[in-house]
Amino acid sequence: MYVDERVAGFVSENFLPVRVHVKDDADEFQRLGGRFGAEWTPTILIVDPQGEERHRVEGFLPSEELLGQLEFGLARVDFSAGSYSEAEERFRDIVEGRPDTEAAPQALYWAGVARYKATNDGGALEDTARAFQGRYQETPWAKKASVWSDGGD
Amino acid sequence: MLTSRATNVHVTGGQAMPIDWSHDFEDALERARREGRSVLLDFSAAPM
């Protein structure tokens, strides 16, 4: 998954990368795999500076999808740290920059949540529900956001 | 103590672009705390 230079560059610039190989690092795989519940390879965890897992990718992904997931993980780190404005910016960058990835509808949902957490303005959630009316209707995230619309139940 | 190994080298126009993988999670986490960064922890079965 890391042979794409965009992925390699993104990983090097944004993370401290750690690899635990199922065979070559068997003891570490058993120890850390048990600690984080990694039961399959490849499994990628985004771990914040406090050692908490904030996002997980299980199984192979093509480069564009993986980049979306890595960006999503960084946004979740910001969100969990209470940096809601920074998180919203990262979520919206995914929606705008990688609109056709699996990460995009999830990012659109969480961008609304981050904006709400930053502002305590319920309009942020209503705006998000409206944004889903024009896109990603087939995803679970549109269904989750529908409760925020005026006609939501 | 596990050591750092650069793997998955991608070559573009003769320029190697490796990810400098660490194999010491606790050391990376300590660095992450100091530098306010995140750790990407990759459980892999791919050839090293």
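1. A:Phe60 is found in the loop that links S3 and H3 of chain A. The model under discussion is a predicted one. Is A:Phe60 buried or exposed? It has 11 C-beta neighbours inside 10 Å and therefore counts as exposed, the limit for that class being 12 or fewer. When neighbours within four places in sequence are left aside, A:Phe60 is in contact with A:Met1 and A:Pro42.

2. As to overall composition, chain A contains seven helices and three strands. Read from the N terminus, its elements follow the order α-β-α-β-β-α-α-α-α-α. Along the principal axes, the C-alpha atoms of chain A occupy a box of roughly 55 × 30 × 30 Å. Chain A has 153 residues, of which 42% count as buried. Where contacts in chain A join residues at least 6 apart in sequence, 41% of them link residues at least 24 apart.

3. The sheet deserves attention, as it draws on both chains: four strands form an open sheet in the order S1(A)-S5(B)-S2(A)-S3(A), and the pairing is mixed. S1 and S3 (53-58) of chain A are the edge strands; each has a single partner strand, so one side of each is left without a neighbour in the sheet. On average, and with direction ignored, neighbouring strands of this sheet are turned by 15° against each other.

4. The individual pairings may be taken in turn. S1(A) and S5 of chain B (residues 38-44) run parallel and are joined by seven bridges. Within S5(B), the residue opposite A:Val18 is B:Leu41. S2(A) and S3(A), by contrast, are paired in the antiparallel sense, over five bridges. There, A:Thr43 has A:Glu58 of S3(A) as its bridge partner. In general, the strands of a sheet pair through backbone hydrogen bonds, in either a parallel or an antiparallel manner.

5. Two helices of chain A lie across strands of both chains. H2(A) lies across S1, S2 and S3 of chain A together with S5 of chain B, and runs at about 115° to S1(A). H3(A) lies across S2 and S3 of chain A, again with S5 of chain B, and runs at about 160° to S3(A).

6. How do H1(A) and H3(A) pack, and at what angle? Their axes are 10 Å apart and the angle is about 15°. H1(A) is therefore roughly parallel to H3(A), since angles under 35 degrees fall in that class. The crossing of H1(A) and H3(A) is left-handed. H1(A) contributes A:Arg6, A:Val7, A:Phe10 and A:Asn14 to the contact, while H3(A) contributes A:Ser63, A:Leu66, A:Leu67, A:Leu70 and A:Leu74. Six of the residues in this contact are nonpolar, two are polar and one is charged.

7. Finally, the interface: 33 residues of chain A are in contact with 27 residues of chain B. On the side of chain A that touches chain B, at least two residues come from each of H1 (5-14), S1 (15-21), H2 (26-36), S2 (43-47) and H3 (63-80). Which element gives the most to this side? S1(A) does, with seven residues. By class, the residues of this side comprise 21 nonpolar, six polar and six charged.

Notes. Residues are numbered from 1 along each chain as its sequence is written. Chains are lettered from A and ligands numbered from 1 in the order in which they are written. This is a predicted model: local features need pLDDT of at least 70, side-chain atom pairs count only at pLDDT 80 or more; totals for chains, interfaces and linings use all residues. Two residues are in contact if their C-beta atoms, placed from the backbone, lie within 7 Å. Ala, Val, Leu, Ile, Met, Phe, Trp, Tyr, Cys and Pro count as nonpolar, Asp, Glu, Lys and Arg as charged, and the others, Gly among them, as polar. Two strands pair if DSSP finds at least two bridges between them. Axes are lines fitted to C-alpha atoms, for helices over the stretch in contact, and angles run from 0 to 180 degrees between N-to-C directions. Angles under 35 degrees count as roughly parallel, over 145 as roughly antiparallel, 65 to 115 as roughly perpendicular and the rest as oblique. A crossing is left-handed if the near helix is turned anticlockwise from the far one by less than a right angle, and right-handed if clockwise. A residue is buried if 20 or more other C-beta atoms lie within 10 Å of its own, exposed if 12 or fewer, and partly exposed in between; C-beta atoms are placed from the backbone.
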